Amino acid sequence: KQASAGGMNVFEVAQWYVQNKILGSIQGMKALLLDEHTATTVGLVCSQSRALELQVYCVDRLKNPTRRPMGGFRAVCLLRPTGESVRALRDELEHPTFDEYHVFFTSTLPDHLLKDLAQADKRQRVQQVQEVFLDYLPLGADLFSLDLPSCMPLEPPRWDQPLFDRLCGGLASALLALKEAPAIVYQRNSPVARKVAEEIEERITKGNHTSDSDLFRFGKSASQPALLLLLDRRDDPVTPLLNQWTYTAMVHEALGIKANRVDMSSVPSSGSNSEQEEVVLSSEDDFYMKAEHMVFGQLGEALKEVVDELQRQQTGGTGQGSAQSKFTSIGDIQRFMDRYPELRRQERTVAKHVALTSELSRIVDKKNLLDQSELEQELACTEGLTEAFNRVETLLEDRGVEWQGKVRLG
């Protein structure tokens, strides 16, 4: 059922799990208990207003020794299947603060941890334990992250086994969420890609290291399986050195995007507006969904069209005067008030993207990125480099070019 809700859309599948499978299946007043990993996941797919609609009146970390008993509430626990999370849940069950507990783990739970949990539930407060496949951060319809800072510790002679297990576990969870047992293709000259491919293949065959060998059998036709393509970033060392010019890539490189959130607190123009100290870029933002892959030159025109349309709606479609001056009856006032919340939402969205675009434009001018990018493309695509070499020397001596740009060109 969850796959039909979103198909190959990792965001909609995750949203279905949280809002329908987990929160929507439990009636009554609920408290949502999370760990440091699942708190980010839930924040990506379920807004506060939607949580309230689902009767979630308390959201808290599972590890909270100061929490007081909350009679009448059902605790819904969404946790990663780790020893640390199970220990925290054991501690909670020793001194329960809720009448009952509904426990969901974001991937398959090892049998020994399930046994530990059963032994800790001496007061029989746990009503159910389920496995949902949500061990990743859904950032968009076709994009998810495992929130791993780097895979470099997997390089010889080092080998970080917990990092490798987290990488493969997250991939397996995403495949289970999408109900896919894919054909696997990996980069032949990459030992890491080969090991990941072998581990994923073993997990598919052995039920993600559980006793359920049929876990990856979904009853679908095997004539055209999905394809899992594993590539090694090191095979293309040039692209990360080039300045990016599409909207999302520029925001990520210039300001940083963390779990679809952009920290604008250090931006000069946002200091007087608390609403713009942190902005969210999500699939619920219609303009962002249209503009996320636009090149910077097209972005200004698209934003101007949205601003003009908003002004047209606010002035009642005439483009002159204010909407308030057009009121001729109680019905006009009522229609305006009905539209007012949507207009305010659109106004905040436009203001957010105007602030982001303005800051990007300021950074482009300050760092002289246009000249840098032109030179980068010339170095990457042209054989005759004599003239380019002279320009590189000029930019390296330019005090207006920051050290990051000089390192890229060097």
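The model is predicted: local features need pLDDT of at least 70, side-chain atom pairs count only at pLDDT 80 or more, and totals for chains, interfaces and linings use all residues. Residues are numbered from 1 along each chain as its sequence is written, and side-chain values use heavy atoms, without hydrogens or water.

Biologist: What is the mean pLDDT of the protein?

Modeller: pLDDT is the predictor's confidence in each residue, from 0 to 100. A value of 70 or more is reached by 88% of the residues. The mean is 86.

Biologist: Over which residues does pLDDT stay under 50, with 13 contacts beyond four places in sequence?

Modeller: A contact means heavy atoms within 4.5 Å. Where pLDDT is low, the predicted coordinates should not be read in detail. The stretch with those 13 contacts is residues 1-6.

Biologist: How many disulfides does the count give?

Modeller: A disulfide is a pair of cysteine sulfur atoms within 2.5 Å. By this rule the count is zero. C168 is in no disulfide, and its nearest cysteine sulfur, that of C151, lies at 9.8 Å.

Biologist: Is C168 buried or exposed?

Modeller: Buried means under 20% relative accessible area, exposed over 50%, and partly exposed in between (1.4 Å probe, protein chains only). C168 has 0% relative accessibility, so C168 counts as buried.
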